[in-house]
Amino acid sequence: MLLIPCPHCGPRPETEFVYGGDARVKRPDPSNSSDEQWAAYIYERENPKGQHQELWLHSAGCHLWLIIERDTVTHAIGSVRAAREDQQ
Amino acid sequence: MKVSQPNRTSKGGRLIDRGKTCEFQFDKRTILFHPGDSIASALLASGRPIIGRSFKLHRPRGVYALGTDEPNALVTTGFGPSLTPNQRATVTLVEEGMSVSGQNAWPNVQNDLFGLLDRARSLLPAGFYYKTFMWPPSQWLRYEGQIRKMAGLGPPPVEADSARYAHRNVHTDVLIAGAGPAGLSAALAAGEAGQDVILASCSQALGGGLLNHQNAVTDKWLAEITKKLEALPNVQIMKMTTVVGVYEHNLFTLSERVAMRDGRIEGQPEERFWQVRSGRFIIAAGGIERPLLFGDNDRPGVMLAGAASGYIWRYGVMVGKSPVITGADDRIYAIARDFLDAGANVRAVVDLREEPGAMADLLAAEGVRVERGAIVARAHGRRRVNAAEVWRYSKSGANKLELISTDAILTSGGYGPALQLHAQARGKLNWNAGLNAFVPVDNSDGHISIGGARGSFDFDTAISEGLSAGRNEILPAPVLSDATNVPAPWDLPKLSKGTRFVDFQNDVADKDIELAAREGYRSIEHVKRYTTLGMGTDQGRAAGPIGLALLAAATGQEIADTGVTTFRPPTTPVTFGAVAGATMGEVGHAIRRTAADKFHEAQGASFIDAGLWRRPRFYKANGATVGEAYRTEAASVRESGGIIDVSTLGKIDVQGPDAGIFLDKLYTNRMSSLRLGRGRYGLMLREDGRIFDDGVVFRIGENRFHLSCTTGGASAVFQHIEHALQVLWPGLEVYVTPVTEEWFAVAVSGPLARDLLANLLPDLDVTNATLPLMGMVETTLFNRRLRVMRISYSGELSYEINISADWGAALWQRLCELSSKLGMITYGTEAMGALRIEKGHITHAEADGRTIPDDVGLGGLVDKKKDAIGIRSLSLPFFSEAGRKQLVGLVVGDQKASVPIGGQIIAKDAGSASQPSIGHVTSWAYSSELERTIALALIKNGHSMVGEKVFIVSPVMEESVEAKVVDPVFIDKEGTRIRA
């Protein structure tokens, strides 16, 4: 079970979190994207071996959506930051 | 009946208390034991050779090993609520009065009629069941039941477990698995360095392999280090505790067998399941002794030689009085000496090596028969070994030497490191030709193997590795023996008859593996699944390496290239009870109760789960059965009115300068244009365009909104909103708070709803002018803030009254009094369901994660001129293709018929030839107003099928009813009632 270092609450077990998918996927402008581009946003995901940027919600904690760098092979966790700060 | 312990030695036994003799039952016979005995040692002492039957062939089997590697001696303990099957007799301690039974046999393990299967051995090769019972495929279910009767483990318990279990979570600096010389040394070094240490010993005593011998030097060392460790407060010694799982980020699970270790103490659990986060993990799990391959090597009386010695020194049990000991290293001479000292008549030591050296000469000089360059080729005797067939075997040839009569053949195929924990921790393995074993590669990832688990079986090396590891120093390269003349345990020729078993528990023999190779299996993972090699409770500890070597030989690969199967938790079986811990029954299933729960119960409510909430499904006063009650309740709501507790609906407070803009992005329709004190029904979509949830939004302040959502969707909706706010539009200034628990809510519905409201709040203007449909007023009751929102789910004139939750019970009570004076009733979710079906309102049965707004007739709520989550997806081409399932109503031909559960819709009668389903029923009810059964359904192109006849069928239930497709709104299409 992963031990996720929440920047707000400190290290917490994975069971407190909800996985939210690939954090690199950005919502395109709906008024300015083709059907193909939009469908890719909705349906196409990579399944990388190694470094991955993931969204996790600390649902049993501070309720921050986090962007977590995780190695999908070793589970090593790199940087962890609030998604909100990431984009502002 | 006279009971004795014929195989108990006259003295000794480190783990037992000879001062006390107790009794337990094995297959209804009384067996004597001393406290500290395992089931296996007690049964061996009693002289019973047969303890179990093998999985497939039902061959008689005795005890083979000493610990968790035991493949044969599986037993069932207890009965009724304490029944536990598949206990390994070698690691389960006996208790006074315990009831133990053999398993997988009928009528018992001594005389098992299924033992006839063994005679058909040649007919039952690897993959027999797959190959034979494939045809016709439809019959597999029938065969399976029969096969399961014959091939299986113990019976599953039928009654609920009476034992208590507990969980504990801790953090520590160092976790050490194993309490042999290496583990103890590591614990001492780490403990003296001030680290917090947990030392897990799967035995009831410390010492590991040291317990299997009598040696003044090691015994003294053990006594001293034990004393030192016990004096260290930061070292927690956990006996009868096994590290069973290794997980990410240094999480480990431990199974602690509390009752077995401490006895049954009131209030103490049977087992405790630990989750330990440890900075470091030191694996000192020792080695695993390997069997030798020869004919009928599974007979009761054939045993691992090291284990046999262990029984002498641990339990004072001599497994044979005239043993033959065979192997290929000097260890067999020490074991022979153990037996001589215990008073046995050692018949022969059969050494595979032609020139074994001094140890052999010494023993021979004492008059013990030593055969050099010889092997045991077959065990004779069926129910118990009675002779060893010994052959002379060398490079120049082989010839049969003699049949040596014996009561035990003790075999030593050498030791390999216990790799389970290292491999679970994703450690790498190297093949070591000297040991004929895979050994762990040292790992810098927070875990390290030491001692026997690293291949360092030497006492002094184990200690020095333990001390280094405890101090977190880098270990010197392992001192592994060089390639020697020691033959590998699998490298023996088949010289005689009899099956040579590799995996005893699953009856996998050498020829099964060869057969698998001939049939094209190359991967050890595939061979494992095909032959069931290593799939038993012992997880192939002993069988694995041999199976691997045989596969390598059969396929012409190197062993190193064949690899090993994946090791997964748990390393030893863990009971479900331990994993569940205390989270059983009500503790395991949290119940959320609304503020009026006590009153519902007093009013005779029958409850139903809605997520974690429990809600009144119906009130028994309104009918004896749910069917009767909801019809009465629904009819009363339409005639006069009723009240229902709707506190469970999700409620979310959204405020901030950008709240309106934000809600426009969440809902398909526009919420920013709401006037203060007005509400609007809204749809939320997932980004892929499917309906996610629905509810009503009220503007309760200039920059403040109150959202409601479905009971079941509440937590997911909150996550969805948080995602939109933090990830999609982080620039908006909006604050979101879930407030479901803060409010108690009652819906008041029916023609008399306004009268009830006026009686409750005499000062409130309840006219349409002040409180129209989708209007809201705030007032006070009991000096508390009260919100009245005029919304309707039932299709009647209806208000939802919200009050602070701690005054909910009072509000409910007041409303009950006032409503009964008006002749109104309380109603439950079942009637609510019937009312909303009549009105054609959707729930998650219709918004099932596949439907889009157009499918359920709510396309008009989508404002395509703006961007909200999911809207862009609705214009993807496939959503406008024909053939989508659309929401329709159904009136059932037979007015009183019930609708088959899970009913599928077909166009022609079920009696005609098989035909595709064109849709399914999503919900149905008996409509008291229409006096007939109605349903909502999703049917392909349903909107264009209004007026057509269809059939609702359930092939499983063999049911079929006729129905007519109609508009999904059955009553008051114009909405005059809700606006009354």
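# Predicted two-chain model: report

Gly682(B) stands opposite Gly695(B), a residue of strand S34(B). The two strands concerned, S33(B) and S34(B), pair in the antiparallel sense over 7 bridges; strands pair if DSSP finds at least two bridges between them. The model is predicted: local features need pLDDT of at least 70 and side-chain atom pairs count only at pLDDT 80 or more, while totals for chains, interfaces and linings use all residues. Residues are numbered from 1 along each chain as its sequence is written, with chains lettered from A and ligands numbered from 1 in the order in which they are written.

## The five-stranded sheet of chain B

S33(B) and S34(B) belong to an open sheet of 5 strands with antiparallel pairing, in the order S33-S34-S35-S32-S36. S33(B) and S36(B) form the edges; each has a single partner strand, so one side of each is left without a neighbour in the sheet. From one strand to the next, the twist averages 25°. Helix H20(B), residues 659-666, packs on this sheet and touches S32(B), S33(B), S34(B) and S35(B). The direction of H20(B) makes about 135° with that of S32(B); such angles run from 0 to 180 degrees between N-to-C directions, and axes are lines fitted to C-alpha atoms, for helices over the stretch in contact.

| Strand of chain B | Extent |
|---|---|
| S33(B) | residues 679-685 |
| S34(B) | residues 691-701 |
| S35(B) | residues 704-709 |
| S32(B) | residues 650-655 |
| S36(B) | residues 735-738 |

Helices (H or I, at least four residues) and strands (E, at least two) are DSSP runs, numbered from the N terminus.

## Helix packing around H12(B)

Helix H12(B), residues 510-518, packs against H13(B), residues 524-531: their axes come within 10 Å and cross at roughly 120°. H12(B) contributes Asp512(B), Ile513(B) and Ala516(B) to this contact, and H13(B) contributes Val527(B), Tyr530(B) and Thr531(B). Residues are in contact if their C-beta atoms, placed from the backbone, lie within 7 Å.

The axis of H12(B) also comes within 9 Å of that of H14(B), residues 543-555, the two crossing at roughly 40°. Here the contact is made by Asp510(B), Ile513(B), Glu514(B) and Ala517(B) of H12(B), together with Gly547(B), Leu550(B), Leu551(B), Ala554(B) and Thr555(B) of H14(B).

In helix H8(B), residues 331-341, the buried residues are Ile332(B), Tyr333(B), Ile335(B), Ala336(B), Asp338(B) and Phe339(B). A residue is buried if 20 or more other C-beta atoms lie within 10 Å of its own. The elements that cover these residues include helices H7(B) (305-315) and H9(B) (358-365), as well as strands S16(B) (323-327), S17(B) (348-351) and S22(B) (408-412). Just after H8(B), Gly343(B) adopts a positive phi of about 100°.

## Chain A and the interface

Chain A has 2 helices and 6 strands, which run β-β-β-α-β-β-β-α from the N terminus on. The C-alpha trace of chain A spans about 40 × 30 × 20 Å along its principal axes, and 17% of its 88 residues count as buried. Of the contacts in chain A between residues at least 6 apart in sequence, 48% join residues at least 24 apart.

Between the chains, 20 residues of chain B are in contact with 22 residues of chain A. On the side of chain B, the elements that give two or more residues are helices H21(B) (714-728) and H25(B) (871-874). H21(B) supplies the largest share of that side, 6 residues.

Key
A residue is buried if 20 or more other C-beta atoms lie within 10 Å of its own, exposed if 12 or fewer, and partly exposed in between; C-beta atoms are placed from the backbone. Two residues are in contact if their C-beta atoms, placed from the backbone, lie within 7 Å.
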